[in-house]
Amino acid sequence: MTSVSSVLGFVAVPVVTTIGGSVVAARRPAGESVRNVVQHVAAGLVFAAASLELLPDLVNEHSKTGTVIGFVVGVALMLTLGRMSDHFETVGGQRAAIGVIVLIAFDVLLDGVLMGVAFSEQARQGRILTIALTFELAFLGLSVATAMQVAGASKRRIVGVTSGIAMTLPVGALLGIGPLAALPVTPFAAVLAFGTVALLYLVTEELLAEAHEVKDTPVATAMFFLGFLGILLVSLSSGGPN
């Protein structure tokens, strides 16, 4: 198990990346082509992290009950959050905008929990998940900043809101490496299953779904596989999942 200070050091990487992305986007919003490429890369990285790191651990736990519970709860929660997000975006207005920000912050909190759980298992898994989530949160920083700028928010407010969202990541990581890591086999398997669902939902219903709202290019599509290959090579070079 990795020490708490080491985990927070790794968590700082995606946090700083998210804030940095918002600063850049607040000054110069990223174009559709740039966001499309980042989305595909992040999707490949996250999909590889889920399939190569979390699923083997889930199999090794040998808890069918925990796996089913985690998947059912994960799917139900992700679908609920997705419907709430769609509702807020349709309604519009300041309250709706606040609602979307709260949902995004909760999503990042879950990412932090997953990072903490991964580090509680093996430092290698935590590092690989850090790589994947860094790219995901870089896109998050770009997209939130761009959306807020279009809505007329000031640069200071854009960076402040994005920074607040990013800071939920270390909070989640502390939960993941602390109380959740000490759970018995069945509930721990449920947490892993829940995290796997959350990442798969992120790839299929958020990153790729939004990326396909604009016309794909062969380069952008290839970035998904490049991201997957990157995580695969990192996993192979570090001994692969146990």
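Q: Buried means under 20% relative accessible area, exposed means over 50%, and partly exposed is in between (1.4 Å probe, protein chains only). By that rule, is Leu54 buried or exposed?

A: Leu54 is buried, because its relative accessible area is 4%. Please keep in mind that this is a predicted model, where local features need pLDDT of at least 70 and side-chain atom pairs count only at pLDDT 80 or more, while totals for chains, interfaces and linings use all residues. Residues are numbered from 1 along each chain as its sequence is written, and side-chain values use heavy atoms, with hydrogens and water left out.

Q: Where is Leu54 found, and which residues is Leu54 in contact with, leaving aside its neighbours within four places in sequence?

A: Helices are DSSP runs of H or I with at least four residues, strands are runs of E with at least two, and both are numbered from the N terminus. Leu54 sits in helix H2, residues 32–61. Contact means heavy atoms within 4.5 Å. Beyond neighbours within four places in sequence, Leu54 is in contact with Ala49, Leu114, Leu192, Gly195, Thr196 and Leu199.

Q: How many salt bridges does the count come to?

A: Side chains of opposite charge can pair when their charged atoms come close. A salt bridge here is a side-chain nitrogen of Lys or Arg within 4 Å of a carboxyl oxygen of Asp or Glu, and by this rule the count comes to one. Arg124 forms a salt bridge with Glu53, with 2.9 Å between the closest N and O atoms. Arg124 lies in helix H5 (residues 123–150) and Glu53 in helix H2, so the pair ties together parts that are 71 residues apart in sequence. Both Arg124 and Glu53 are buried.

Q: What is the nearest side chain of opposite charge to Glu61?

A: Lys and Arg count as positive, Asp and Glu as negative, and His and the chain ends are not counted. For Glu61, the nearest side chain of opposite charge is Arg124, 12 Å away. Glu61 is buried yet has no salt bridge. Glu61 also lies in helix H2, and its contacts outside four places in sequence are Glu121, Val185, Phe188, Ala189 and Leu192.

Q: Which residues form the negative surface patch?

A: Patches are made of residues with over 30% relative accessible area and no salt bridge, joining like charges within 9 Å or nonpolar side chains (Val, Leu, Ile, Met, Phe, Trp, Tyr) within 5 Å. A charge is placed at NZ of Lys, CZ of Arg, CG of Asp or CD of Glu. The negative surface patch is formed by Asp86, Glu89, Glu205, Glu206, Glu210 and Glu213. Helices H3 (64–91) and H8 (185–211) are the elements that give two or more residues to the negative patch, and H8 has the largest share, three residues. Asp86 lies in helix H3 and is partly exposed, with a relative accessible area of 48%.

Q: Which residues make the nonpolar surface patch?

A: Accessible areas come from the Shrake-Rupley method with a 1.4 Å probe, and for residues only the protein chains shown count as cover. Leu226, Leu229, Leu233 and Leu236 make a nonpolar surface patch of about 390 Å². Leu226 belongs to helix H9, residues 218–237, and is partly exposed at a relative accessible area of 48%.

Q: What is the phi of His62?

A: Most residues other than glycine have a negative phi. His62 has a positive phi of about 55° although it is not a glycine. His62 lies in the loop between H2 and H3, and at 69% relative accessibility His62 counts as exposed.
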